[in-house]
Amino acid sequence: MSLGDHLRELRYRVVFSLIWIVLGMIVIAVFYNQVYGFLTQPWLYAKEILSETNPELSTQMVLSGVTTPLSLALKICGVGGLVLASPIWLYQVWAYIVPALLAKEKRWALTFLAAALPLFLAGVTVGYLVLPQGISVLMSFTPESVPITNLIEIDKFLELMLQLMLVFGLGFLMPVVVVGANLVGVVKGKQLAKARTYVIFGTFVFGAAATPSTDPFSMLALAIPMSLLFLAAEFICRANDKRKARREAAAELATS
């Protein structure tokens, strides 16, 4: 394919994915009240934790601004549509890459792509579940000696949670990217082994920089699973390299 053909195919994949994301946004809009209640559950759980660890702490959830409810609804629908349409756009990513792969490599790619969706959704779920602990850690710095009421803007809280969920979801996709690069011959398993220490260190730096809540609990909840997923991806890549080496050796014997 020429460069123009690649760009046209990329445009088709992007537009097709955007259409499904918009349809997902419409579904979220229909069930907006239920989704809104679901997203506020971490705050209610965080309040329970705070009532046990810091019973004197006073908090109140508020919503300020005339246009805030609309902008918040658009953000929730946008992220919700992205999550609902994840099977579609993840497949489009694979379909764009697959022409560069051999038949056997396509089977490997398809098998591992089947893990991309649950990995992404697992990351989103972990981001949702770790937020209450992160809130309790951050709110615990409120001094108990001074009577202070913490006003929590619900739009800022939900933006924080949506960002956290997306960061975790995309972070959990790292092994898909690594194995995909190995399948197309960009990286080798030995190269990943040499870079292992630096990558694991980088995941902790990424966890500290990418988690918007900036608490150590959220950072570890992202960095540790990403490190383990990288090790799993390295194992798969090394196994794939050995398989390629055996196949090439058999081909050389057959031609000699």
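The following conversation goes through the labels given to parts of this predicted model and the values behind them.

Biologist: Why is the pair of Trp89 and Phe120 called edge-to-face?

Modeller: The ring centres of Trp89 and Phe120 are 5.4 Å apart, and rings count as a pair if their centres lie within 6.5 Å. Their planes stand at 85 degrees, and the label edge-to-face applies over 60 degrees, so the pair is edge-to-face. It belongs to a set of seven aromatic pairs in the structure.

Biologist: What makes this pair a tie between parts of the chain?

Modeller: Trp89 lies in helix α5 (residues 86-97) and Phe120 lies in helix α6 (residues 103-139), so the pair ties together parts that are 31 residues apart in sequence.

Biologist: How do you know whether Trp89 and Phe120 are buried or exposed?

Modeller: Buried means under 20% relative accessible area. Trp89 has 14% and is therefore buried, and Phe120, at 0%, counts as buried too.

Biologist: Which residues form an aromatic cluster?

Modeller: Tyr12, Phe16 and Trp20 form one aromatic cluster. Trp20 also takes part in a nonpolar surface patch of about 890 Å², whose other members include Val15, Ile19, Phe31 and Leu84. Helix α1 (residues 3-30) gives the most to this patch, with eight residues.

Biologist: Where does Leu84 lie, and why is this residue called partly exposed?

Modeller: Leu84 lies in helix α4 (residues 68-84). Its relative accessible area is 45%, and partly exposed is the class between the 20% limit for buried and the 50% limit for exposed, so Leu84 is partly exposed.

Biologist: What makes Arg13 and Glu9 a salt bridge?

Modeller: Their closest N and O atoms are 3.2 Å apart, and the cut-off for a salt bridge is 4 Å, so the contact between Arg13 and Glu9 qualifies. Both residues lie in helix α1, four residues apart, about one turn of the helix, and both are buried. The structure holds four salt bridges.

Biologist: How do you know that Arg196 and Glu234 form a salt bridge, and which parts of the chain does the pair link?

Modeller: The closest N and O atoms of Arg196 and Glu234 are 2.6 Å apart, which is within the 4 Å limit. The pair links distant parts of the chain, with Arg196 in helix α10 (residues 196-210) and Glu234 in helix α11 (residues 216-255), 38 residues apart. Arg196, at 32% relative accessibility, counts as partly exposed, whereas Glu234, at 4%, counts as buried.

Biologist: Why are Lys156 and Glu153 called partly exposed?

Modeller: Lys156 has 48% relative accessibility and Glu153 has 30%; both values fall between 20% and 50%, so each residue is partly exposed. These two residues also form a salt bridge, with the closest N and O atoms 3.7 Å apart.

Note on methods. Residues are numbered from 1 along each chain as its sequence is written. This is a predicted model: local features need pLDDT of at least 70, side-chain atom pairs count only at pLDDT 80 or more; totals for chains, interfaces and linings use all residues. Side-chain values use heavy atoms; hydrogens and water are left out. Patches are made of residues with over 30% relative accessible area and no salt bridge: like charges are joined within 9 Å, nonpolar side chains (Val, Leu, Ile, Met, Phe, Trp, Tyr) within 5 Å. Accessible areas come from the Shrake-Rupley method with a 1.4 Å probe; for residues, only the protein chains shown count as cover. A salt bridge is a side-chain nitrogen of Lys or Arg within 4 Å of a carboxyl oxygen of Asp or Glu. Helices (H or I, at least four residues) and strands (E, at least two) are DSSP runs, numbered from the N terminus. Buried means under 20% relative accessible area, exposed over 50%, partly exposed in between (1.4 Å probe, protein chains only). Rings of Phe, Tyr and Trp (its six-membered ring) pair if their centres lie within 6.5 Å; planes under 30 degrees apart count as stacked, over 60 as edge-to-face and the rest as tilted.
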